[in-house]
Amino acid sequence: MAMKKLDQAARDAGIALSFINNKGESQTISDDTKRALLALMDAPTGNAPPLPPVLVFTPPGLPELTPQGSDDYRWQLVSEQGQHYDGTLSAGESLALPAELPEGYYQLTLSTSRQQWQTRIIIAPARCYLPPALAQGEKRWGALVQLYTLRSARNWGIGDFGDLMQMLEQVAAHGGDFIGLNPLHALYPAQPDHVSPYSPSSRRWLNVLYIDINQIDEFTHSEAAQRWWHSAPTRKALKQARSAAFVDYRAVTTLKLTALRFAWQHAQPQLTRQPAFQQFLAEGGDALRYQAAFDAIVAARSQQHPDEWGWEKWPSGWQQAQQPEVQQWCAQHEDDILFWSWLQWLAQQQFAACWQRSQQLGMAVGLYRDLAVGVAQHSAETWQDPQLYKLGASVGAPPDPLGPLGQNWALPPLDPHVLRARGYQPFIDLLRANMRDCGALRIDHVMALLRLWWIPYGEGADKGAYVAYPVHDLLAILALESQRQRCMVIGEDLGTVPQEIVSLLRDRGIFSWKVLMFECGEEGQFRPPAAYPRQSIASASTHDLPTLSGFWHAADLQLREQLGLFTKRSMLKAAIAERDGQRKALLKAMSEAQAIDARSKNRAGQRLTPALNQGVHRFLAFTDSALLGLQPEDWLGMETPVNVPGTVAEYPNWRRKLRVPLEKLFSYRKVQRLLAIVNEGRKKQ
């Protein structure tokens with residue numbers, strides 16, 4: 001029976017006609033969903049060109065290319081270095097690419113007397129980069145840090161790049177090899193209440209609130225800045241921001257932007273004679289200019305429209321960066337655009353200094369960055385490139401036991417057809433921006449390289465469908481950029497992972513993520529340390545899960561009950577009973593691994609004592625994972641989570657600070673002892 005036209009069109013566009021639901025059953029996608037998603041996509045139409053817009057290959061062996069059509073062609077292949085190869089083809093004849101082409105990007109031009117066609121050729125390595133120490137079989141550990149949570153005597157109420165430098169020094173001094181960071185993506189500095197690092201304004205630029213004001217000479221040398229800095233109201237506001245248990249983003253933003261404006265007045269006259277800044281502007285090009293323009297417009301409008309978020313409520317003539325009204329505003333506000341560009345430069349300079357210091361300290365990985373799965377709906381990126389992002393849809397997840405209605409993440413998806421038509425340049429630019437100045441890149445929800453759950457705008461998450469992405473091409477490009485930037489790749493592959501991507505990630509050298517709380521078999525037994533794969537990073541928890549102490553004491557379950565996330569009292573009782581079983585199983589696994597003494601395995605009802613905490617960290621250190629990530633919250637026995645999934649206003653997500661300042665953290669005897677145990681355990685083969 002022939003497939004109906006709608007289904008054929010959906011399949012051709014990459015829309016799955018069905019999916020396996022959380023019950024293990026095949027569920028059909030509705031026709032309404034197919035029509036809604038097809039209407040959004042820029043799928044190719046009309047006559048196909050002789051060759052696709054992009055072709056990606058991984059040696060050994062490059063296939064011959066056979067252009068379609070009945071014409072004779074002239075062809076020319078140009079490398080990134082300008083080397084030319086050329087020739088002619090008769091109709092139906094195949095083109096054999098030159099043998100032994102180096103890895104990289106090439107432009108192939110086919111032409112007749114009437115027309116030309118461009119095809120990007122990408123030749124990629126088989127695997128992602130791996131630091132030599134890990135390639136030689138060494139096992140390393142590091143600290144997983146939400147940068148904004150760091151306290152110090154010198155920061156301004158939020159962790160900053162100065163704190164990161166200090167943290168690097170201490171981690172290295174105590175045997176650690178890296179610091180894993182939350183996404184550092186640009187948010188909305190003039191709208192400080194929008195704080196989720198996983199719902200950014202741009203993934204290509206940095207969050208300027210992480211700038212360490214103390215490092216800016218122009219602030220120190222400005223008399224006006226210093227008068228403001230030493231004034232009683234400023235000192236009072238700073239004291240309150242530093243002492244708060246949760247980051248007060250509005251207070252921090254007011255303090256920092258005021259200081260940066262003072263510094264800018266002092267810096268601006270010198271910038272035309274600053275070659276490094278001029279080079280930064282040139283390299284950033286339109287992407288940087290429009291990011292700065294977006295921040296400047298948001299800052300200007302927020303004074304009269306404080307409740308706006310992004311460009312959603314802007315006049316229609318302002319809702320895309322290329323519109324004449326925007327261009328006119330930019331021409332009249334070059335100084336404002338330059339100011340926000342300068343902030344990006346400061347942030348980049350300070351972060352680069354942290355990376356350079358990690359290398360001086362001999363760290364194999366040094367810093368790893370986190371790449372969020374998307375950007376917010378009315379963000380700088382969607383404003384700049386509305387064709388690439390499909391604002392009529394959002395990505396999320398279909399219904400499952402943890403989310404019976406499904407999940408809507410309010411992040412517009414990238415159109416895979418536009419990505420291909422552009423030779424994957426937006427993806428390449430994104431990787432380069434996030435692989436800069438770091439030794440590893442964590443990709444959040446790495447399954448997005450294979451497929452994403454698209455939800456038509458205004459519909460529930462259960463009305464979505466999976467849309468396929470060119471996973472083989474994207475993984476090949478990821479390997480190429482990884483090798484070029486000498487940046488290893490970690491894929492966040494938690495939850496339900498399609499089987500077809502598991503081997504693809506492994507074969508490309510992408511590290512898996514193994515979270516202790518999830519490493520249980522079907523019968524509840526915990527995976528023994530020796531069974532952890534070497535090509536992985538192990539951790540006790542993540543930013544979306546309870547801290548180790550919170551898990552042990554079921555504090556996360558009590559919090560979820562207080563927030564109304566359990567719809568029935570019986571759900572809490574069942575969760576507590578399940579947690580009791582998990583504690584017992586973990587103690588048993590720890591005892592069998594000799595991470596604790598045999599008597600401790602019967603202490604499931606006991607609080608997480610320093611000895612038991614050390615036992616959990618010893619167990620993790622024993623794992624065969626090449627990397628181990630530890631949370632400072634777990635060194636301190638903190639219970640309060642940094643994020644509670646499923647909440648927005650109900651809980652202050654992305655704000656909770658560490659309990660103690662950096663100046664004291666590593667002086668605690670219990671922290672020193674715990675890290676010594678980890679160092680000893682990592683040496684165990």
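Mentor: Let's start with a pairing: strand β12 (residues 366-371) and β15 run parallel to each other, joined by four bridges. Two strands count as paired here if DSSP finds at least two bridges between them. Strands themselves (E, at least two residues) and helices (H or I, at least four) are DSSP runs, numbered from the N terminus. Across that pairing, Y368 sits opposite A440 in β15.

Before going on, keep in mind that this is a predicted model: local features need pLDDT of at least 70, side-chain atom pairs count only at pLDDT 80 or more, and totals for chains, interfaces and linings use all residues. Residues are numbered from 1 along each chain as its sequence is written, and side-chain values use heavy atoms, with hydrogens and water left out.

Now for the other partner. β15 is also joined to strand β18 (residues 488-491) by four bridges, again in parallel, and there I443 stands opposite G491.

Which way do the residues of β15 (440-443) point? A440 and R442 go one way, L441 and I443 go the other, and all are buried. Buried means under 20% relative accessible area, exposed means over 50%, and partly exposed is in between (1.4 Å probe, protein chains only).

Next, look at the loop leading in. D437 lies between α14 (425-435) and β15. With 16% relative accessibility, D437 counts as buried too. Its phi is near 60°, a positive value in a residue that isn't glycine. Most residues other than glycine have a negative phi.

Who touches D437? One of its contacts is Q348, which belongs to helix α11 (residues 334-360). Leaving aside neighbours within four places in sequence, Q348 is in contact with L206, F280, R436 and D437, where contact means heavy atoms within 4.5 Å. Q348 counts as buried because its relative accessibility is 9%.

Finally, step back to the whole protein chain. It has 23 helices and 21 strands, and of its 685 residues, 56% count as buried. Among contacts between residues at least 6 apart in sequence, 72% join residues at least 24 apart. The C-alpha atoms fill a box of roughly 80 × 65 × 50 Å, taken along the principal axes.
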